[in-house]
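Hi,

Here is the structure I promised to pass on.

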Amino acid sequence: MCQTPLHGFLAALPKCEHHLHLEGTLEPELLFQLAAKNNITLPASKDAAFASIASLKDRYQRFQNLDDFLGYYYIAMSALLDAGDFEALAYAYFAKAASQNVRHAEVFFDPQAHTERGVAFATVVAGFKRAQARATADFGITTELIMCLLKHLPLAEAMSTFAQARDGGYFKDGTLAAIGMDSSELPFPPPMWRDLYDAAAAAGIRRTVHAGEEGPASYMTQALDILNAQRIDHGIRAFLDGDEALVARLAREGTLLTACPLSNIKLQCISSMKEFPLRKMLDAGVRFSINSDDPAYFGGYILENYCALQETFGLSVREWEGIAKGAVQGSWCADERKAEILAEIEDVVGKWS
Ligand SMILES: Nc1ncnc2[nH]cnc12
Ligand SMILES: [Zn+2]
């Protein structure tokens, strides 16, 4: 438990999570269990970190950058094979999130990372949908799925995965809420993905994209101008690069940045929490939410991210109220659901003021 006097308040505060990769919640314990069940051999002969749960956890303390982490992330998810595996993964995350008072979660998954190794798109989605239904019934948490396409694969493959989901009615029937893009950033700037984002916009589908994590602020401007992205995942480089015009635009347009402070430290995008641009984000009036990204790898779920910020920046209850409400306003859920969560926030704030 963190040491801040506001720990109880931060734990109780109703939260929305918008930047969470379901595959990034695969804890080493579940990974080893699924690998044994599915007869998947983890490549311990190539990388000794895969020898045991303990050695893997130790290696997770020392990521050098985004690509170093992604190497482990893609190998680990090869242990996920049947719908029950995807259900177990997602349900474990929803249970953990609900225990930290996440009331609404919009979560990413990477279908291409599964279809390219022979797991059907429908299998992945069926498992996640079962977990979503159980989590809502068990915890009252509402959830949405965002399909991410991978930047390290060709545009044509992203387009065909997108077309499969669109033509299969997955967006129309509400199974999928939006598209996003993730994976390596620097070698794959936003203009490469124009056709994908144009096709999503033409079909009336919501759009987010990872940008400004390792890549420069100019990638964020391209994401807005060329991809017409409605949300940006990470986005800290707007502040770190001092791009004042972009910051002013983000504030003016009310674009949600889905920030992930512990992730930024673990992937060495910033060297300590003091460098996380929280004060600049607040002062500029940019809308943002605080999220966990890949909690099984980065040493903390959403509450640990809130607490780590509090330990460094010492915000007031009122400032946290503003952050929590901004996250609700930036969510892609119905207005009635937003009103419910906003009322829950007022309730908790009332008890702590
Ligand atoms: N932080 C991150 N950045 C880009 N792609 C990712 N995939 C999973 N986590 C990611
Ligand atoms: Zn991410």
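Below is what turned up, going from the overall layout to single residues. Keep in mind that this is a predicted model.

The protein splits into domain 1 (7-27 + 89-352) and domain 2 (28-79). Their centres, taken over C-alpha atoms, are 24 Å apart. Where the two meet, 18 residues of domain 1 are in contact with 17 residues of domain 2. On the domain 1 side, that contact surface has eight charged, six nonpolar and four polar residues.

Next, the sheet. Eight strands make an open sheet with parallel pairing, in the order β1-β2-β3-β4-β5-β6-β7-β8. At its edges are β1 (15-17) and β8 (288-290); each has a single partner strand, so one side of each has no neighbour in the sheet. From one strand to the next, the twist averages 20°. Inside the sheet, β5 (residues 206-211) and β6 (residues 231-234) run parallel and are joined by four bridges, with H210 opposite D233 in β6. Helix α16 (residues 302-313) lies across β1, β2 (102-109) and β8, at about 110° to β8.

H210 comes up again at ligand 1: the residues surrounding this ligand include H210, H21, Y73, D182, E213 and D294. By class, the shell has five polar, four charged and two nonpolar residues.

Cheers

Technical notes: Residues numbered from 1 in each chain as written. Chains lettered and ligands numbered in written order. Predicted model: local features only at pLDDT ≥ 70, side-chain atom pairs only at ≥ 80, totals over all residues. Domains from an automatic or database assignment. Contact = placed C-beta atoms within 7 Å. Nonpolar A, V, L, I, M, F, W, Y, C, P; charged D, E, K, R; others polar. Near = placed C-beta within 6 Å. Pairing = 2+ DSSP bridges. Helix = DSSP H or I, 4+ residues; strand = E, 2+ residues; numbered from the N terminus. Axes fitted to C-alpha atoms, helices over the stretch in contact; angles between N-to-C directions.
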